[in-house]
Amino acid sequence: MKADAMNKDWPQMARDLTGAIKEVRLGSPDVMKAFSAMAQAATRPGALDARTKELVALAIAVAIRCDGCIAFHAKAALEQGASRDEVMETMGMALYMGAGPSLMYAAQAVEAYDQFAAANGSG
């Protein structure tokens, strides 16, 4: 993608957020220390390698619509050796999962409405 066609400057976003996160770290050191420990434990290679874990994180970032998460995990996926093809395939799963949960919640919302309507004598 050409630089002039970009919607967002993701590297700059990551840099900007790093400074903001530092402020949170200083303001809530105990919580951030625990968060960092959790992040280290979650990303440590095990049955899944670090590249795969970053691709999973990137897919989740897309599915939950977290711009900052996308910036950090796209960078980390690249640093862990993920290819563009792997990212593209991962995005297919993110799209599938982002839509799938919405479908499931939509079905539950209709069910809830129908149940409330039935209990109210409207259905």
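Me: A disulfide is a pair of cysteine sulfur atoms within 2.5 Å; which cysteines does the disulfide join here?
Reply: This is a predicted model, in which local features need pLDDT of at least 70, side-chain atom pairs count only at pLDDT 80 or more, and totals for chains, interfaces and linings use all residues. Residues are numbered from 1 along each chain as its sequence is written, and side-chain values use heavy atoms, leaving out hydrogens and water. The structure holds one disulfide, and at an S to S distance of 2.3 Å, the joined residues are cysteine 66 and cysteine 69.

Me: Which helices are included in what covers the buried residues of H4?
Reply: Buried means under 20% relative accessible area (1.4 Å probe, protein chains only), and in H4 this holds for Gly68, Ile70, Ala71, Ala76 and Ala77. Their cover includes helix H1 (10-27) and helix H3 (50-63).

Me: How are H1 and H4 oriented to each other?
Reply: Axes are lines fitted to C-alpha atoms over the stretch in contact (heavy atoms within 4.5 Å), and those of H1 and H4 lie 9 Å apart at an angle of about 105°. Since angles of 65 to 115 degrees count as such, H1 and H4 are therefore roughly perpendicular.

How values were computed
Buried means under 20% relative accessible area, exposed over 50%, partly exposed in between (1.4 Å probe, protein chains only). Helices (H or I, at least four residues) and strands (E, at least two) are DSSP runs, numbered from the N terminus. A disulfide is a pair of cysteine sulfur atoms within 2.5 Å. Axes are lines fitted to C-alpha atoms, for helices over the stretch in contact, and angles run from 0 to 180 degrees between N-to-C directions. Angles under 35 degrees count as roughly parallel, over 145 as roughly antiparallel, 65 to 115 as roughly perpendicular and the rest as oblique.
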